[in-house]
Amino acid sequence: MKWVVLMKITAKTPLSAIWRVKPMNLILQQGGDQEHGLKRTLGPISLTAMGIGAIVGTGIFVLTGVGAAKYAGPGLILSFIIAGIVSGLAALCYAEFASTVPLAGSAYTYSYATLGEVIAWIIGWDLILEYAVGAAAVGIGWSGYFTDLLQGSFGITLPHDLTTSPFSGGIINLPAVLIILIITALLVVGTSESTKVNNVIVAVKLAVIVFFLITGFGHINPANWSPFLPFGNLGVLRGAGIIFFAYIGFDQISTSAEETLNPARDMPIGIIASLLVCTVLYILVTAVLTGLVSYKELDVASPVSHALIIIGMGAAGSIISVGAVCGLTTVLLILLFGQSRIIFSMARDGLLPDFFSRIHPRYRTPYLSTLLVGVVVALVAGLTPIDVVAELTNIGTLAAFVLISFAVIVLRRTQPNLRRTFRVPWVPVLPILSMLGSFALILTLPLITIVRFLVWLALGLLMYFLYSRHNSHLQRDIAMGAVGSDHSDLDDITEIRPRSR
Ligand code: ALA
């Protein structure tokens, strides 16, 4: 039977069908399917906490050090402002989408509704770099802080071979593997429980950062800010390309729209509020950090606590380390959560195997996609160096930003009357600036990263044309006559998801 359907699909759908957009009312109808959908438990405060939990992590706690020492010096403050502006522009575009397409899937779902299936696939494929590869980078960063903490506070030294990837002279980064598997188990048990844990840890993380700012402020030596731009303007731009990682995460809020009580109102609030809070914190932390010690001393695994230790405040440094370990844990939680929801959405659309869209009968979570993501990310984190994964994460995310900003302009033209609770001001100027800004940051990354990214994209397209295109539920519904050829005849559709679950 499956083969008959498949043959009909292939025979009836021309190649141009890869540009077919998923009708908006079809998408909204899926989200309204509460009986089989996800449980709605999240409000604006949880979402904002989730955003901060996703955003503040390896970028500020780890990459600030290398960013200041090797790229921008104290001028890293400017790098944070530049990357913050680029992220802010993209955040506005995400917020508009999140308020019109309030469903799980993030940029993937939005682009399916606007730019067509093949672009949606590319974005979904791209987001794997952002979420899964990003989670691996954070897992590795977590392992570094955790190892330091055990050593500094408890005198326990873990074997080098078991805390380092094979590419850096070890066997496996075991703490990174274990933390990722533990968080995966937490996510399988349920969103509600997980976000409660998240809210508590986010509070701890923010408290630790405020603690750093207060303790560090009195010890700033303004001489450390001079020279302010030891690597020139180019260094500031390259620094922005690296510490952009610090801003990744706000967009994942939109992946939980199906679990949000009032997504049209709460999503934009969550995205914009969390990004604003983080931008201010980053600028302050970088100013204090580069004021405490010379930027040359910051190229270490734990620069924030290291700076306090250098000025003789070791106990305060330990407190920071505890907070960093907690902070990185929430980032991991959020990234793994987001990735499993994207896989869930893609599987629900037939672009990935159906069983990844199965929801656990008791926990009401997409447990199979969660488990897949957890195991793969754990392996990547255990076996890969952090710089490779962090740069790939940045380029994948920036590419998604470019496409999403473009999609805002497309959607305004193709569906001008769609209800938008939040609208980006000055369209198309701001989305165009957002596209240009993200593209410029891509160009600041090393060539090898750009090449790796292009290889990844090529693999994704291969998979799309060999598997996803033929298994797409939208293509099948079109071929079987369940969905018409334009948006106007969609109002009568009542059954749109005869999916095998
Ligand atoms: N923004 C997140 C971090 O810095 C991904 O860890």
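Q: Which residues do ring pairs link into a cluster?
A: This is a predicted model. The structure holds 16 aromatic pairs. Some of these ring pairs build a cluster, and its members are Trp 121, Trp 125, Trp 456, Tyr 464 and Phe 465.

Q: Is the pair of Trp 142 and Phe 146 stacked or edge-to-face?
A: A pair of aromatic rings is described by the distance of the centres and the angle of the planes. For Trp 142 and Phe 146 the centres are 4.6 Å apart and the planes meet at 15°. Planes under 30 degrees apart count as stacked. The angle of 15° meets that cut-off, so the pair is stacked.

Q: Which helix holds Trp 142 and Phe 146?
A: The two residues are four apart, about one turn of the helix. Trp 142 is buried at 8% relative accessible area, whereas Phe 146 is partly exposed at 26%. Both lie in helix 7 (residues 117-154).

Q: What kind of aromatic pair do Phe 355 and Phe 356 form?
A: Their ring centres are 4.6 Å apart, with 50° between the planes. Stacked needs under 30 degrees and edge-to-face over 60, with the rest tilted. Because 50° falls in that remaining range, the pair is tilted.

Q: Is Phe 356 buried or exposed?
A: Buried means under 20% relative accessible area. Phe 355, at 38%, counts as partly exposed. Phe 356 has 13%, so this residue is buried.

Q: Which backbone atoms have polar atoms of the ligand at 2.7 Å, 2.8 Å and 3.1 Å?
A: A ligand oxygen is 2.7 Å from a polar backbone atom of Gly 59. A ligand nitrogen is 2.8 Å from a polar backbone atom of Phe 245. At 3.1 Å from a ligand nitrogen is a polar backbone atom of Ala 246.

Q: How much of the ligand's area does the protein bury?
A: Residues around the ligand include Ala 54, Thr 58, Val 138 and Val 331. Taken alone, the ligand exposes 220 Å², and the buried share is 100%.

Q: How many residues of the shell around the ligand are charged?
A: Helix 3 (44-55) and helix 4 (58-72) each give two or more residues to this shell. Seven of the shell residues are nonpolar and three are polar.

Q: Where is Pro 366 found?
A: Pro 366 is buried, at 0% relative accessibility. Its C-alpha is 10.0 Å from that of Val 189, 177 residues away along the chain. Pro 366 sits in the loop between helix 13 (314-348) and helix 14 (367-383).

Methods: Residues are numbered from 1 along each chain as its sequence is written. This is a predicted model: local features need pLDDT of at least 70, side-chain atom pairs count only at pLDDT 80 or more; totals for chains, interfaces and linings use all residues. Side-chain values use heavy atoms; hydrogens and water are left out. Buried means under 20% relative accessible area, exposed over 50%, partly exposed in between (1.4 Å probe, protein chains only). A residue is near a molecule or strand if one of its heavy atoms lies within 4 Å of it. A polar contact is a pair of N or O atoms within 3.5 Å; within protein, one must be able to donate a hydrogen and the other to accept it, and residues adjacent in sequence count only if both atoms are side-chain atoms. Accessible areas come from the Shrake-Rupley method with a 1.4 Å probe; for residues, only the protein chains shown count as cover. Ala, Val, Leu, Ile, Met, Phe, Trp, Tyr, Cys and Pro count as nonpolar, Asp, Glu, Lys and Arg as charged, and the others, Gly among them, as polar. Rings of Phe, Tyr and Trp (its six-membered ring) pair if their centres lie within 6.5 Å; planes under 30 degrees apart count as stacked, over 60 as edge-to-face and the rest as tilted.
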